[in-house]
Every structure is written in structure tokens, then in C-alpha cells.
Amino acid sequence: MEAEKVIEEFFSSVSADIWERAKKIKLLITDIDGVMTDGGLIYDDRGLEFKKYNVKDGLIVKHLRKSGVLVGAITGRESQVVINRCEELRFDFHYHGVKDKGKKLKDLIETMEIELDSIAYIGDDLIDLPIFRQVGFAVAPLDAVSYVKPFAHWVTSAKGGEGVFREVADLILHSKGLLVPIIENLSKKEA
Ligand SMILES: [Mg+2]
């Protein structure tokens, strides 16, 4: 199938270890600024905040959830536009203004009863390192802070705001053999 060839080619440099890590994932948590966005913060003269998201990231959330992968966000900042976006995408949970992300994750795994091996996290800066250290699959965008990237298991080919979340979601779905069936199902002709 053509789509499968394209996917295999796109992910051709992904190691066996990364496919193994991705296959175990039951929960994908993402940072927002610098991952779902390019990290830019735009304010108007009334102090209103604006952000640019990528529709490619949003579109895959429902497929992840349908495939049994929960989706959440943990962000260090607190902003209404981010809360709105997380609600719109129907994230299973989203925490804002979190200063100690490592502690937040510990609290979460206790209440959710989920193994660390089955959690993936995407982050781009120092505040994300305490989570990187714990989860089974830590991912950084291509333009994450240079000295943060070596702590990630995998670095996406996309930069923040340019489809980082989509790349990770596609990798997870493909590792479970679920991406091609989604494409086949949506592209098949009506009988
Ligand atoms: Mg960030």
C-alpha cells in the first residue's frame, strides 16, 4: 500500500528501541509552549494572549483516543487560550501553571494507576527534564533547547508548532499497527 511505504520511508531512521518504546504507550502527555506552538507568546495592548497552533496536531487526537491512547497536557504557564485549545481537542486531562512537572507526573500515575513505561511525554525545555527522567518514552522537538535534547529518547524532525505532536502520535499509532488501518478506512471507496 502506498501510504504504508510513505510512512515507512518517513520513519526509516527510527531505531528498534524507539519502536519498542512507542508500542507500549497508553498515555501521551504533551507540554504546550514550544511543542504545540513555536514558543512565541503574542500579546495585544490589552494584555490578551494569542497563540498559533497546528491543525495537524489537533486532528490526530481523536484517532489516538479511539485507539485507546489517552492524551493529556502539562504546562508551566497558565493561559486561557491554552485551556480553550485543550478543551476543544477533548484532552483527557490538562494541567496549567505547573511549576514542578516531575511531582505532577508522580501524582498522576498514582491516581491513574498507569505504568511509567506506558507513558510518552513531549517537552522542549529544562522544566520538562524531571518528566523525561521518569517516562518510558521522552520526546523533544527538533528545535528544543540544545542541552535538553540529549535527555530525550527521540527527537522529532518537526520543530515546535510545526507538527511535533502529530509526528509522535503517528509513530505511536504505527508502532501498534493502527495508522495504516485508519488511512485505509478513511480512503476506501463507498461500495
Ligand atoms: Mg515548553
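Select the magnesium ion first: its protein donors are Asp 31 (OD), Asp 33 (O) and Asp 124 (OD), lying 2.1 to 2.2 Å from it. Donors here are N, O and S atoms within 2.8 Å of the metal (3.2 Å for Na, K and Ca), and because water is not among the atoms, sites may look incomplete. This is a predicted model, in which local features need pLDDT of at least 70 and side-chain atom pairs count only at pLDDT 80 or more, while totals for chains, interfaces and linings use all residues. Residues are numbered from 1 along each chain as its sequence is written, and side-chain values use heavy atoms, with hydrogens and water left out.

Along the chain, the donors of the magnesium ion follow the spacing D-x1-D-x90-D. Asp 33 sits in the loop between strand S1 (27–30) and strand S2 (42–43), and Asp 124 in the loop between strand S6 (119–122) and helix H6 (129–132), so this pair ties together parts that are 91 residues apart in sequence. Helices (H or I, at least four residues) and strands (E, at least two) are DSSP runs, numbered from the N terminus. Asp 33 and Asp 124 are both buried. Buried means under 20% relative accessible area, exposed over 50%, and partly exposed in between (1.4 Å probe, protein chains only).

A salt bridge is a side-chain nitrogen of Lys or Arg within 4 Å of a carboxyl oxygen of Asp or Glu. Lys 101 counts as buried because its relative accessibility is 1%; Asp 31, at 5%, also counts as buried.

Now select Asp 33 again, together with Glu 49, Lys 51 and Arg 77: a network of salt bridges links these residues. The structure holds twelve salt bridges.

Move to helix H4 (residues 80–88), where Arg 85 and Glu 88 lie three residues apart, about one turn of the helix. Their salt bridge has its closest N and O atoms 2.9 Å apart. Arg 85 is buried at 14% relative accessibility, whereas Glu 88 is exposed at 55%.

Finish at helix H7 (residues 164–175), which holds Asp 170 and Arg 166, four residues apart, about one turn of the helix. Their side chains meet in a salt bridge (3.3 Å, N to O). Asp 170 is buried, with a relative accessible area of 15%, and Arg 166 is partly exposed at 22%.
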